[in-house]
Amino acid sequence: MAGAGGGSNDVQWCFSQVKGAIDDDVAEADIISTVEFNHSGELLATGDKGGRVVIFQQEQETKGQPHSRGEYNVYSTFQSHEPEFDYLKSLEIEEKINKIRWLPQKNAAQFLLSTNDKTIKLWKISERDKRPEGYNLKEEDGRYRDPSTVTTLRVPVFRPMDLMVEASPRRVFANAHTYHINSISVNSDYETYLSADDLRINLWHLEITDRSFNIVDIKPANMEELTEVITAAEFHPNQCNTLVYSSSKGTIRLCDMRAAALCDKHSKLFEEPEDPSNRSFFSEIISSISDVKFSHNGRYMMTRDYLSVKIWDLNMENRPVETYQVHEYLRSKLCSLYENDCIFDKFECCWNGNDSVVMTGSYNNFFRMFERGHRRDLTLEASRESSKPRAVLKPRKVCAGGKRKKDEISVDSLDFNKKILHTAWHPQDNIIAVATTNNLYIFQDKMN
Amino acid sequence: TACPIQGHGGREGTHPGQNTSPSQGTSSGTRTPDPPESRTWPLIVFKMAGADGDDSLYPIAVLIDELRNEDVQLRLNSIKKLSTIALALGVERTRTELLPFLTDTIYDEDEVLLALAEQLGNFTMLVGGPEYVHCLLPPLESLATVEETVVRDKAVESLRKISHEHSPVDLEVHFEPLVKRLASGDWFTSRTSACGLFSVCYPRVSSTVKAEIRQHFRTLCSDDTPMVRRAAASKLGEFAKVLELEYVKSDIISLFTALASDEQDSVRLLAVEACVSIATLLPQEDLEALVMPTLRQAAEDKSWRVRYMVADKFSELQKAVGPEITKNDLVPAFQNLLKDCEAEVRAAAANKVKEFCENLPEDSRETIIMSHILPCVKELVSDTNQHVKSALASVIMGLSTILGKDNTIEHLLPLFLAQLKDECPEVRLNIISNLDCVNEVIGIRQLSQSLLPAIVELAEDAKWRVRLAIIEYMPLLAGQLGVEFFDEKLNSLCMAWLVDHVYAIREAATCNLMKLVEKFGAEWAQNTIVPKVLGMANDPNYLHRMTTLFCINALSEACGQDITTKQMLPVVLKMSNDQVANVRFNVAKSLQKIGPVLDSNALQTEVKPVLEKLATDQDMDVKYFAQEAISVLALA
């Protein structure tokens, strides 16, 4: 890694903001479970285990400081999901927000889909800067007027007021999933979206809540024959008929909805032959794909498994075009990672705005960036220590073995409770949002 | 006055009310309309209003205040009475105060906005007539940009409505600029709304403006967002209808071709609909060059949804392109759709088989069906997908009228038989429900020999819902087959259902007997049905004994007084000694039911003593129903 630079064109990443409580005592409900920029990058949404959605808005750039981008401040906070109980199955339904997806903007308001394990909701976030004033029969404070004084009719008038941001639930898409929803994805036709659970993918119309179409069903007739589950699914960014879903066996299937109404038969299967030399008890677990994301241009997709990030060309099914090791030094630690369940952590991954860099999380509050053209990578840390305004982040290095150099961190001293599962990249600019357990860090490139 | 609210209308001698339609032309601001219904009024308002005499303002004041009530239902009520408010305010204040307020209320709930959008379409007279109709444009414009499709569509509908009330000048000065603003709006919601407005202003504007409108429509057809392209594609046919033929050929065709090859199949499939309207507008000689290449392409589209649309619109397309193109192009296309790899497409095409065959040119109809369509139909009979088979079964019988007796017997009957034996009940049902049209063609003998065995088989099907469906067709079959044939083949079935082990079947069988008696008459009943029904009164199974009672309930009226009194009544009375209480109280219910049919002598001398005895029965229910019968028949 050359110099302190990383990312594309030698970006120097510096601290911008950190959101969330500072104390070490983390409330379960405050754990961030998803992070997502909207299509312009002006808004950034997070969901947490407590079922809340917090939306941050980027301030307009201040005139005096042309070199700094606007900060993100809280725009709206609302309770998206509440804990529920399924009485038929005696199961608690957690309120945890599994995914948030923004809809393409259709008018002055903003819309997003949020989902927990079972129920998807469409939220409208809108601004109001006027309110009606003037009653006939009562004062503005609600006291009734002496009606004998009412001799003419008054039509209320809208007057300016302090800006108010409202979040209102517009649709609830419920009762379509027997298993836990892991993905939602809005189609480029602007009118449908998919929701995927462990065994099925459903297709919804954004305006119809009482009907959805099951398009993929991998549930075997006999559940004892179950060998794989769906781990993530996404629509192609501009081909409305194409979707992919990944499985716990490390494969990705691409479906063409034009070919048939049911997509149980895939049209492409992306799979890399296993390297026999790396074969172990954990092979199957670590090959499970935890996230799949199309590149913005729609040519590639990226998958994240436990130890690596792979980039696939949609035209080549037999192997990925690029493979990046996220934390190869953990390969020798798989046994203990299995024992403490970390091996089942679901890391997500994301592309930068022009698809030249990808980012994903790791342990010890480290996150990784891979610059595709230059085959360069970078490890950064989200920590309170380096959270001074505009402080440049120092690259980190983990010592895999042998003699530990200065500034290197030993594998044994990594904190596996501090993990970065969710990250998001601004759709145009070099601004990233990185969720540690209960804090949201925002970093940006140093502008000169 | 006791009630100020009811009082005012009478005093003024007018009663405009909430139903006052704008077309009645009330422009006076002094009229006092009806109050809103179902309201709890603040008590103080009542009192004071009555006291000072100016009570007419209060209902309106409340309505206006409730336009901004926190309760959606109250806001909705107020919006639905908007015409009342406007009448009270008068045209001037409606224009200058009410409409600006409404223009800003787009933050409200969908249902309120929907009601508002609808109201504004009927508001012309309330703002002062056609001269001022353009004042309604701002609120409708803001409603045409909200996110809810239903609200936007309603706003567009109202805009289309009031566009006709604009003078040609106002149309160019006010309406057309609005369409342009919407068409070039930042968000796709406003651009989709614009698509529905071009066709209403185009015929009434100058040629310069016409050119602009065509340009705007063209732009929207290639919009970045699929939502707008879909809206444009769905309005393409309607827009083509108002365009001059030369522009249809120059503009519309190229837009149609472009939309039909859009990258998104959701857009392409809408072009199929437009194809129907466009083909209707063009002279026959232009169809081949201008429309057919696109239609052929759609029928073979890579996306099943587009092919489905072609199948679904096939009859309309067939009529629009005419007999020659149908023969040369549509027949092979239809064959392909019937053999499509996607079941949804095959089902849609199967649904159209009869209509397509009916509409084939007469000179070659039979040849085409026999050599091209029938082979495909034969394959569909054994399709792997039950929706396909069921769709076919719902129309296949219709082919017999088109093909005539001989062809039906030779080619269609085997198919009917196969479908009648299909494993899927829906398929079998669809066949049975259309038996009558085959009967007309091949006659009853033929039908009985070929299809009846299969029907009899179904009548004994293990699934009770199938049996139930067959029972429901019995009266129809009886009517078609005649009494002699019925007695010979079906009567025993009908009697067997009376002792079915499923109650729903026994109940339907009872009802079926009644319908048969209505058809064949009392004498037939006396000879064939009544003895068997009454015989069941001695059955060891109490459920069967009860069936006798249920049958008597159903049959007494159709059989008439004589049979009821002489044959049925003795049996019922005898059953009053049954050891099962359920039978006894059903005797009471039966007596109540057949009482009106009996003569008064029998009622007094025979029925009354039995009911009186039952009224002292040890069983509560028997007592209850006996007492009820006594009081209903007035025997006490």
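## Where chain B meets chain A

The contact draws on 45 residues of chain A and 46 residues of chain B. Keep in mind that this is a predicted model. Putting the two chains together buries about 4100 Å², with carbon and sulfur atoms giving 56% of that area. On the chain B side, Arg68(B), Tyr107(B) and Glu147(B) lose the most area to chain A, and together they make up 20% of what that side buries.

| Between chain B and chain A | Count |
|---|---|
| Salt bridges | seven salt bridges |
| Polar contacts (both residues at pLDDT 80 or more) | 22 residue pairs |

One salt bridge to look up is Arg230(B) with Glu191(A), whose closest N and O atoms sit 3.6 Å apart. As for who does the touching, the elements of chain B that give two or more residues to this side are helix 2 (43–52), helix 3 (57–66), helix 5 (82–104), helix 10 (188–195), helix 13 (226–242) and helix 15 (265–281). Sorted by class, that side of chain B has 21 nonpolar, 17 charged and eight polar residues.

Now for a helix pair within chain B. Helix 18 (residues 304–312) and helix 20 (residues 343–351) of chain B pack with their axes 8 Å apart, at an angle of about 5 degrees. Angles under 35 degrees count as roughly parallel, so helix 18 of chain B is roughly parallel to helix 20 of chain B. From helix 18 of chain B come Trp304(B), Arg307(B), Tyr308(B), Ala311(B) and Asp312(B), which meet Glu344(B), Val345(B), Ala348(B) and Ala349(B) in helix 20 of chain B. By class, this helix contact has six nonpolar and three charged residues, and no polar ones.

Methods. Residues are numbered from 1 along each chain as its sequence is written. Chains are lettered from A and ligands numbered from 1 in the order in which they are written. This is a predicted model: local features need pLDDT of at least 70, side-chain atom pairs count only at pLDDT 80 or more; totals for chains, interfaces and linings use all residues. Side-chain values use heavy atoms; hydrogens and water are left out. Contact means heavy atoms within 4.5 Å. Buried area is the accessible area (1.4 Å probe) that two parts lose on being put together, summed over both. A salt bridge is a side-chain nitrogen of Lys or Arg within 4 Å of a carboxyl oxygen of Asp or Glu. A polar contact is a pair of N or O atoms within 3.5 Å; within protein, one must be able to donate a hydrogen and the other to accept it, and residues adjacent in sequence count only if both atoms are side-chain atoms. Helices (H or I, at least four residues) and strands (E, at least two) are DSSP runs, numbered from the N terminus. Ala, Val, Leu, Ile, Met, Phe, Trp, Tyr, Cys and Pro count as nonpolar, Asp, Glu, Lys and Arg as charged, and the others, Gly among them, as polar. Axes are lines fitted to C-alpha atoms, for helices over the stretch in contact, and angles run from 0 to 180 degrees between N-to-C directions. Angles under 35 degrees count as roughly parallel, over 145 as roughly antiparallel, 65 to 115 as roughly perpendicular and the rest as oblique.
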